[in-house]
Amino acid sequence: MPESVLLGVSYLESRWDTHPGQPSTSGGYGPMHLTDAEQVASTPGSSHVDENEDPRGDDARPLVVDTSAAAEATGDDLPQASLQTLDAAAALTGVAEETLRTDATANIRGGAALLASYQKELAAPVGADSDPAAWYGAVARYSGADTEDAAAAFADEVYDQISIGASRTTDDGQRVTLTARQVTPDESGLHRLGLRRAERPDGLECPVRLACEWIPAPYAEYVVPKTGEVTYGNHDLGNRPAQQKIEYIVIHDTEGYFGPSVNLVKDKTYLGWHYTLRSVDGYVAQHIKAKDVGWHAGNWYVNAKSIGIEHEGFAGHGTWYTEAMYRTSAKLVRHLALRFQIPLDRQHILGHDNVPGTTAGTVAGMHWDPGPYWDWSHYFDLMKAPFQGTGTPHTGLVTIDPDYASNQPAFIGCNQQPPGVPKPTPPAAPCPLRGSSSVVLRTGPSELAPLVNDRGLRPNGTPDTMYISDHGARASAGQTYALADVQGDWTAIWYLGQKAWFFNPSAAPTAKWAQGFVVTPKPGKTTIPVYGRAYPERAAYPATIPYQGISPLQYTFAAGQRYALGGVLPGEYYRAVSFDGSAPGDRTVVRGENQYVQIQFGHRVMFANLDDVLILPAAVGAPQ
């Protein structure tokens with residue numbers, strides 16, 4: 001087959017990386033992403049709901065969820081992508097399945113054999129000298145998509161990549177180049193694949209070229225079996241952005257596979273988020289309109305001002321996310337960000353792991369997806385908003401940005417994810433060494449120094465750990481922090497009320513110098529509180545709406561410390577506690593006089609009252 005087609009397909013699956021022996025989030029192996037459904041079936045998933053986090057995050061209406069829905073969800077009633085190509089490749093090549101999983105050369109041969117077999121079934125020309133344009137149908141089938149539009153979207157991305165070319169060094173050190181060439185594909189083979197044609201109703205909030213389908217989350221009442229309480233799920237109606245600005249897009253992973261996850265969002269007794277993306281082909285399901293409020297982030301202030309996007313995958317299994325899903329997600333997020341005027345930066349495109357707890361008591365239970373293996377730098381490159389150095393060592397800010405492929409922290413405990421599975425729990429084993437967006441933070445400029453402490457996770461003051469879910473001593477690509485100190489190859493940032501050091505050698509930097517603004521306590525204030533939500537003051541609430549208290553988190557923002565400014569926000573609270581909007585003051589936004597600053601205080605963003613701080617150019621008072 002033509003080399004350009006083989007390279008293009010592999011790039012859309014893995015960007016030519018080998019991930020030796022490690023499956024993707026859809027059970028695919030190697031540069032050609034040969035899939036193994038048995039791997040999918042053997043990988044445990046988990047529910048979005050656990051006893052530690054209320055995904056709705058609103059004290060005024062605690063979440064009531066029938067957790068049996070999570071145990072029973074299978075996704076068997078949904079269209080399924082093809083997740084079994086490994087055995088076909090083994091039959092075509094005569095190579096053992098285990099070799100196809102672990103040997104890059106064999107894997108590439110297996111993928112090429114599959115493509116050639118699809119091409120022959122379409123009675124289309126084969127051979128290295130055949131016209132790349134004639135392979136469109138085979139490429140579309142290789143996607144594994146079950147709908148014609150999803151298969152076409154994958155094939156279109158492959159041919160777009162062929163037209164612009166690519167060159168990169170893979171995770172096994174190979175320099176691979178796809179030479180750009182213009183190819184006008186023959187799309188006739190697509191229609192002979194017999195794939196389902198998905199409905200695309202008016203009002204679907206996806207870019208035109210994305211394969212996107214409306215699978216609605218129900219807004220409905222139900223009776224809680226154990227208590228007889230009448231309640232409703234699984235989201236709230238709203239009128240955004242007319243009534244309240246959408247400030248954030250929150251990136252999640254499903255901690256399970258696509259089918260069961262979508263069936264959960266279809267359950268009125270469960271939770272609601274706006275979109276779910278499938279790993280194997282990047283297919284998008286939309287569940288909630290952007291005007292309405294999903295229950296997904298564990299913080300009502302953020303929920304009321306955000307869109308939640310779930311990605312098929314696992315934060316801590318050591319698996320990898322496919323290029324097809326990264327690309328689809330990047331196109332979707334860019335589309336939404338432009339539509340709702342959301343800045344494409346890490347202060348507004350948040351991971352679930354960057355959303356703060358609402359009170360001191362909820363901090364420890366907040367979720368930590370999409371985890372340290374999500375490639376934030378590549379993701380923002382795809383959104384055409386790359387992380388760039390905009391300053392010098394004297395401009396006072398630093399943006400984390402390690403080289404993803406070579407940055408391989410020695411995490412442990414992937415074998416214990418999700419928590420409690422399998423049972424009995426085995427000892428925490430080393431995770432597969434693989435690329436990560438996270439840098440590890442220490443109490444001093446040395447590899448021997450303990451990790452810093454996150455008192456929200458470890459109230460006793462002990463250091464955080466390298467356990468995969470213990471994110472209290474990590475900073476992630478794209479996050480910008482106030483510079484605290486520099487000593488040789490080590491850089492310190494202000495982080496959770498302390499100096500936190502990370503290795504940042506000039507020969508191979510893990511961060512970029514940046515400029516912007518910082519906040520610091522006003523003169524005369526020894527410490528000021530930080531919050532997990534930016535609610536209005538008591539006087540702002542009308543008599544019909546109960547005051548929503550706001551209490552400080554357990555962290556200390558002391559005089560002399562500085563944190564990167566992420567924006568100035570009004571104090572707001574969206575009232576939504578009844579199914580039909582009949583509760584006093586329901587479906588209204590309470591706004592106060594007070595304002596807040598959003599700051600990059602730790603791994604999670606937090607808020608401080610504007611009246612408590614000074615906003616300064618970061619270069620003023622920066623370490624020299």
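The legends below describe close-up views of one predicted model. Local features need pLDDT of at least 70 and side-chain atom pairs count only at pLDDT 80 or more, while totals for chains, interfaces and linings use all residues. Residues are numbered from 1 along each chain as its sequence is written, and side-chain values use heavy atoms, with hydrogens and water left out.

**View 1. The buried face of helix H4, residues 86–93.** Helices (H or I, at least four residues) and strands (E, at least two) are DSSP runs, numbered from the N terminus. Leu-86, Ala-89, Ala-90 and Thr-93 of H4 are buried (under 20% relative accessible area; exposed is over 50%, partly exposed in between; 1.4 Å probe, protein chains only). Seen down the axis of H4, these buried residues fall within an arc of 100°, so they line one face of the helix; the arc is that of the directions from the helix axis to the C-beta atoms. An α-helix has 3.6 residues a turn, so residues three or four places apart point the same way. The buried residues of H4 pack against strand E2 (34–35), helix H5 (97–102) and helix H6 (104–121), where contact means heavy atoms within 4.5 Å. After H4 comes Gly-94, with a positive phi near 75°.

**View 2. The disulfide of Cys-206 and Cys-212.** A disulfide is a covalent bond between the sulfur atoms of two cysteines; here it is taken as a pair of cysteine sulfur atoms within 2.5 Å. The sulfur atoms of Cys-206 and Cys-212 are 2.0 Å apart. Cys-206 counts as buried because its relative accessibility is 6%, and Cys-212 does so at 1%.

**View 3. The disulfide of Cys-414 and Cys-431.** The S to S distance in this pair is 2.2 Å. The link is right-handed, with 100° about the S-S bond. Cys-414 and Cys-431 are 17 residues apart, and each lies in the loop between strand E15 (397–400) and strand E16 (438–440). Cys-414 is buried, with a relative accessible area of 7%; Cys-431 is also buried, at 7% relative accessibility. A search of the whole structure finds two disulfides, and the pairing of the bonded cysteines, numbered in sequence order, is 1-2, 3-4.

**View 4. A nonpolar surface patch made by Phe-517, Val-568 and Ile-615.** The patch covers about 250 Å², an area from the Shrake-Rupley method with a 1.4 Å probe; for residues, only the protein chains shown count as cover. A salt bridge is a side-chain nitrogen of Lys or Arg within 4 Å of a carboxyl oxygen of Asp or Glu. Val-568 lies in strand E25 (residues 563–575) and counts as partly exposed, at 41% relative accessibility.

Key:
Patches are made of residues with over 30% relative accessible area and no salt bridge: like charges are joined within 9 Å, nonpolar side chains (Val, Leu, Ile, Met, Phe, Trp, Tyr) within 5 Å.
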